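Here are my notes on this one, for when you have the model open. Have a look and tell me if you read it the same way.

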Amino acid sequence: MATITTWFTLGLLGELLGTAVLAYGYTLVPEETRKRYLLLIAIPGIAIVAYALMAMGFGSIQSEGHAVYVIRYADWLLTTPINVLFLALLAGASREDTVKLVVLQALTIVFGFAGAVTPSPISYGLFAVGATLFGGVIYLLYRNVAAAAESTLSDVEMSLYRTLRNFVVVLWLVYPVVWLVGAAGLGLMDVETASLVIVYLDVVTKVGFGVIALLAMMNLGTVSDTDDEMVATAGD
Ligand code: RET
(Lines give C-alpha, C1' and ligand atoms only; values in the text may rest on other atoms or scores of the structure.)
Protein backbone atom coordinates (compact mmCIF):
# COMPACT_ATOMS: atom_id res chain seq x y z
CA MET A 1 0.00 0.00 0.00
CA ALA A 2 1.23 3.46 -0.85
CA THR A 3 2.27 5.30 2.27
CA ILE A 4 2.88 8.90 3.06
CA THR A 5 6.60 8.31 2.36
CA THR A 6 5.66 7.32 -1.20
CA TRP A 7 3.87 10.65 -1.69
CA PHE A 8 6.82 12.58 -0.30
CA THR A 9 9.21 10.68 -2.58
CA LEU A 10 7.01 11.45 -5.59
CA GLY A 11 6.93 15.09 -4.48
CA LEU A 12 10.73 15.06 -4.29
CA LEU A 13 10.99 13.65 -7.82
CA GLY A 14 8.50 16.21 -9.15
CA GLU A 15 10.38 19.11 -7.57
CA LEU A 16 13.74 17.74 -8.79
CA LEU A 17 12.48 17.44 -12.35
CA GLY A 18 10.81 20.86 -12.20
CA THR A 19 13.94 22.52 -10.82
CA ALA A 20 16.07 20.90 -13.53
CA VAL A 21 13.73 22.13 -16.29
CA LEU A 22 13.60 25.65 -14.82
CA ALA A 23 17.38 25.71 -14.32
CA TYR A 24 17.82 24.86 -17.99
CA GLY A 25 15.32 27.62 -18.80
CA TYR A 26 17.77 30.13 -17.28
CA THR A 27 19.78 29.95 -20.49
CA LEU A 28 16.68 30.65 -22.59
CA VAL A 29 15.35 33.86 -21.01
CA PRO A 30 16.60 37.31 -21.99
CA GLU A 31 19.68 38.37 -20.04
CA GLU A 32 18.03 41.39 -18.39
CA THR A 33 15.34 39.18 -16.80
CA ARG A 34 17.73 36.49 -15.47
CA LYS A 35 18.17 37.89 -11.98
CA ARG A 36 14.42 37.86 -11.41
CA TYR A 37 14.17 34.46 -13.08
CA LEU A 38 16.37 32.98 -10.32
CA LEU A 39 13.41 33.39 -7.95
CA LEU A 40 11.49 30.89 -10.07
CA ILE A 41 14.24 28.29 -9.71
CA ALA A 42 14.53 28.88 -5.95
CA ILE A 43 10.84 28.02 -5.39
CA PRO A 44 11.00 24.30 -6.35
CA GLY A 45 14.68 24.24 -5.30
CA ILE A 46 13.70 24.94 -1.70
CA ALA A 47 11.00 22.27 -1.94
CA ILE A 48 13.62 19.67 -2.93
CA VAL A 49 15.20 20.11 0.49
CA ALA A 50 11.81 20.04 2.23
CA TYR A 51 10.64 16.87 0.44
CA ALA A 52 13.98 15.11 0.87
CA LEU A 53 13.75 15.69 4.62
CA MET A 54 10.08 14.63 4.79
CA ALA A 55 10.72 11.49 2.69
CA MET A 56 13.44 10.56 5.20
CA GLY A 57 10.89 10.90 7.97
CA PHE A 58 12.00 14.21 9.45
CA GLY A 59 10.00 17.25 10.32
CA SER A 60 6.70 16.02 11.67
CA ILE A 61 5.56 16.60 15.22
CA GLN A 62 2.55 15.24 17.06
CA SER A 63 0.24 17.99 18.19
CA GLU A 64 -3.38 17.87 19.28
CA GLY A 65 -3.45 14.16 18.41
CA HIS A 66 -2.35 14.51 14.80
CA ALA A 67 0.85 14.88 12.80
CA VAL A 68 1.87 18.40 11.84
CA TYR A 69 4.47 18.67 9.09
CA VAL A 70 6.60 21.55 10.33
CA ILE A 71 8.91 21.36 7.30
CA ARG A 72 5.95 21.82 4.96
CA TYR A 73 5.06 25.10 6.69
CA ALA A 74 8.74 26.14 6.65
CA ASP A 75 8.80 25.50 2.88
CA TRP A 76 5.61 27.56 2.36
CA LEU A 77 6.93 30.30 4.63
CA LEU A 78 9.94 30.69 2.36
CA THR A 79 8.47 29.95 -1.07
CA THR A 80 5.01 31.57 -1.14
CA PRO A 81 6.40 35.04 -0.32
CA ILE A 82 8.88 34.49 -3.20
CA ASN A 83 5.95 33.75 -5.51
CA VAL A 84 4.14 36.97 -4.60
CA LEU A 85 7.43 38.91 -4.72
CA PHE A 86 7.88 37.72 -8.30
CA LEU A 87 4.38 38.96 -9.15
CA ALA A 88 5.06 42.34 -7.52
CA LEU A 89 8.37 42.72 -9.39
CA LEU A 90 6.72 41.73 -12.65
CA ALA A 91 3.96 44.29 -12.09
CA GLY A 92 6.39 47.04 -11.10
CA ALA A 93 4.41 47.48 -7.85
CA SER A 94 5.39 50.18 -5.35
CA ARG A 95 7.83 49.22 -2.62
CA GLU A 96 5.07 49.65 -0.05
CA ASP A 97 2.68 47.26 -1.80
CA THR A 98 5.47 44.78 -2.41
CA VAL A 99 6.39 44.70 1.27
CA LYS A 100 2.72 44.42 2.29
CA LEU A 101 2.19 41.53 -0.09
CA VAL A 102 5.24 39.58 1.09
CA VAL A 103 4.53 40.18 4.79
CA LEU A 104 0.82 39.32 4.54
CA GLN A 105 1.63 36.10 2.69
CA ALA A 106 4.29 35.07 5.25
CA LEU A 107 1.88 35.82 8.12
CA THR A 108 -0.85 33.74 6.44
CA ILE A 109 1.43 30.71 6.74
CA VAL A 110 2.50 31.56 10.29
CA PHE A 111 -1.13 31.74 11.44
CA GLY A 112 -2.02 28.51 9.59
CA PHE A 113 0.84 26.75 11.39
CA ALA A 114 -0.12 28.25 14.75
CA GLY A 115 -3.68 27.03 14.20
CA ALA A 116 -2.46 23.51 13.38
CA VAL A 117 -0.63 23.19 16.71
CA THR A 118 -3.30 24.83 18.89
CA PRO A 119 -6.40 23.16 20.39
CA SER A 120 -9.83 23.96 18.99
CA PRO A 121 -11.66 26.35 19.09
CA ILE A 122 -8.63 28.71 19.26
CA SER A 123 -7.21 26.87 16.22
CA TYR A 124 -10.16 28.08 14.14
CA GLY A 125 -9.62 31.62 15.34
CA LEU A 126 -5.99 31.47 14.20
CA PHE A 127 -7.09 29.94 10.90
CA ALA A 128 -9.57 32.80 10.45
CA VAL A 129 -6.82 35.36 11.02
CA GLY A 130 -4.65 33.55 8.44
CA ALA A 131 -7.53 33.43 5.97
CA THR A 132 -8.21 37.16 6.45
CA LEU A 133 -4.55 38.01 5.83
CA PHE A 134 -4.66 35.87 2.70
CA GLY A 135 -7.75 37.88 1.68
CA GLY A 136 -5.45 40.91 1.88
CA VAL A 137 -2.99 39.22 -0.47
CA ILE A 138 -5.75 38.51 -2.99
CA TYR A 139 -7.05 42.07 -2.65
CA LEU A 140 -3.63 43.56 -3.39
CA LEU A 141 -3.07 41.25 -6.35
CA TYR A 142 -6.39 42.30 -7.92
CA ARG A 143 -6.25 45.98 -6.95
CA ASN A 144 -3.04 47.90 -6.19
CA VAL A 145 -0.58 45.53 -7.83
CA ALA A 146 -2.84 44.99 -10.86
CA ALA A 147 -3.20 48.77 -11.23
CA ALA A 148 0.58 49.16 -11.17
CA ALA A 149 0.84 46.43 -13.79
CA GLU A 150 -1.78 48.13 -16.01
CA SER A 151 0.18 51.35 -15.99
CA THR A 152 3.64 49.90 -16.65
CA LEU A 153 3.33 46.71 -18.67
CA SER A 154 2.94 45.94 -22.35
CA ASP A 155 -0.11 43.88 -23.39
CA VAL A 156 1.90 40.66 -23.50
CA GLU A 157 3.41 41.26 -20.06
CA MET A 158 0.01 42.21 -18.66
CA SER A 159 -1.43 38.97 -19.89
CA LEU A 160 1.42 37.07 -18.15
CA TYR A 161 0.66 38.97 -14.94
CA ARG A 162 -3.03 38.06 -15.16
CA THR A 163 -2.35 34.41 -15.96
CA LEU A 164 0.11 33.98 -13.10
CA ARG A 165 -2.07 35.86 -10.63
CA ASN A 166 -5.17 33.83 -11.48
CA PHE A 167 -3.16 30.61 -11.40
CA VAL A 168 -1.92 31.52 -7.91
CA VAL A 169 -5.26 32.60 -6.50
CA VAL A 170 -7.32 29.69 -7.81
CA LEU A 171 -4.87 26.91 -6.89
CA TRP A 172 -3.78 28.40 -3.58
CA LEU A 173 -7.40 28.58 -2.39
CA VAL A 174 -7.39 24.79 -2.17
CA TYR A 175 -4.80 24.90 0.67
CA PRO A 176 -7.07 26.47 3.31
CA VAL A 177 -9.80 24.01 2.28
CA VAL A 178 -7.44 21.08 2.88
CA TRP A 179 -6.44 22.64 6.22
CA LEU A 180 -10.11 22.86 7.21
CA VAL A 181 -11.17 19.35 6.21
CA GLY A 182 -7.85 17.79 7.28
CA ALA A 183 -6.53 16.70 10.65
CA ALA A 184 -5.91 20.26 11.89
CA GLY A 185 -9.59 21.13 11.28
CA LEU A 186 -12.66 18.95 10.96
CA GLY A 187 -10.71 15.71 10.49
CA LEU A 188 -12.81 14.63 7.49
CA MET A 189 -9.72 13.80 5.44
CA ASP A 190 -6.98 11.51 6.76
CA VAL A 191 -3.35 12.60 6.89
CA GLU A 192 -2.32 10.35 3.94
CA THR A 193 -5.00 11.70 1.59
CA ALA A 194 -4.34 15.28 2.62
CA SER A 195 -0.63 14.73 1.97
CA LEU A 196 -1.33 13.29 -1.46
CA VAL A 197 -3.42 16.35 -2.39
CA ILE A 198 -0.82 18.73 -1.02
CA VAL A 199 2.12 17.03 -2.75
CA TYR A 200 0.24 17.20 -6.03
CA LEU A 201 -0.65 20.87 -5.51
CA ASP A 202 2.86 21.78 -4.35
CA VAL A 203 4.42 20.39 -7.51
CA VAL A 204 1.78 21.90 -9.81
CA THR A 205 1.84 25.34 -8.17
CA LYS A 206 5.62 25.60 -7.88
CA VAL A 207 6.69 24.09 -11.18
CA GLY A 208 3.60 25.32 -13.08
CA PHE A 209 4.18 28.91 -11.98
CA GLY A 210 7.81 28.71 -13.14
CA VAL A 211 7.03 27.06 -16.46
CA ILE A 212 4.25 29.55 -17.34
CA ALA A 213 6.64 32.42 -16.57
CA LEU A 214 9.52 30.76 -18.44
CA LEU A 215 7.49 30.28 -21.62
CA ALA A 216 6.23 33.85 -21.51
CA MET A 217 9.68 35.27 -20.76
CA MET A 218 11.17 33.36 -23.71
CA ASN A 219 8.49 34.89 -25.92
CA LEU A 220 9.08 38.35 -24.48
CA GLY A 221 12.69 37.91 -25.54
CA THR A 222 11.68 37.19 -29.12
CA VAL A 223 8.97 39.89 -29.08
CA SER A 224 11.40 42.56 -27.92
CA ASP A 225 14.07 41.29 -30.34
CA THR A 226 11.55 41.65 -33.15
CA ASP A 227 10.67 45.11 -31.88
CA ASP A 228 14.34 46.04 -31.86
CA GLU A 229 14.74 44.69 -35.37
CA MET A 230 11.70 46.66 -36.51
CA VAL A 231 13.07 49.81 -34.95
CA ALA A 232 16.46 49.08 -36.52
CA THR A 233 14.86 48.47 -39.90
CA ALA A 234 12.69 51.56 -39.57
CA GLY A 235 15.81 53.56 -38.79
CA ASP A 236 17.59 52.35 -41.96
C1 RET B 1 -3.29 28.08 5.48
C2 RET B 1 -4.18 28.09 6.72
C3 RET B 1 -4.53 29.46 7.14
C4 RET B 1 -5.33 30.16 6.07
C5 RET B 1 -4.73 30.02 4.73
C6 RET B 1 -3.75 29.09 4.44
C7 RET B 1 -3.16 29.17 3.10
C8 RET B 1 -2.08 28.55 2.64
C9 RET B 1 -1.55 28.71 1.33
C10 RET B 1 -0.53 27.90 0.98
C11 RET B 1 0.11 27.84 -0.27
C12 RET B 1 1.08 26.99 -0.47
C13 RET B 1 1.78 26.77 -1.69
C14 RET B 1 2.75 25.84 -1.70
C15 RET B 1 3.49 25.48 -2.84
O16 RET B 1 4.25 24.59 -2.79
C17 RET B 1 -1.86 28.37 5.91
C18 RET B 1 -3.38 26.66 4.93
C19 RET B 1 -5.26 30.96 3.69
C20 RET B 1 -2.11 29.70 0.40
C21 RET B 1 1.45 27.51 -2.91
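1. Start with residues 98–116: this stretch is 100% helix and 0% strand, with its end C-alpha atoms 28 Å apart. Residues 73–91 are likewise 100% helix and 0% strand, and their end C-alpha atoms lie 27 Å apart. Helices here are DSSP runs of H or I with at least four residues, strands are runs of E with at least two, and both are numbered from the N terminus.

2. A caveat before going on: this is a predicted model, where local features need pLDDT of at least 70 and side-chain atom pairs count only at pLDDT 80 or more, while totals for chains, interfaces and linings use all residues. Residues are numbered from 1 along each chain as its sequence is written, and side-chain values use heavy atoms, leaving out hydrogens and water.

3. Now the ligand. It has 16 residues around it, and Trp 172, Tyr 175, Asp 202, Thr 205 and Lys 206 come nearest (near means a heavy atom within 4 Å). The protein buries 99% of the 540 Å² that the ligand exposes when taken alone (Shrake-Rupley areas, 1.4 Å probe; for residues, only the protein chains shown count as cover).

4. Which elements give two or more residues to the shell around the ligand? They are α3 (70–91), α4 (95–116), α5 (122–142), α8 (174–181) and α9 (191–235). With four residues, α5 gives the most.

5. Two backbone details deserve a look. Ser 120 and Pro 121 are joined by a cis peptide bond, with omega about 5°, and Pro 121 sits in the loop between α4 and α5. Glu 64 is not a glycine, yet has a positive phi of about 50°; its place is in the loop between β1 (60–63) and β2 (66–69).
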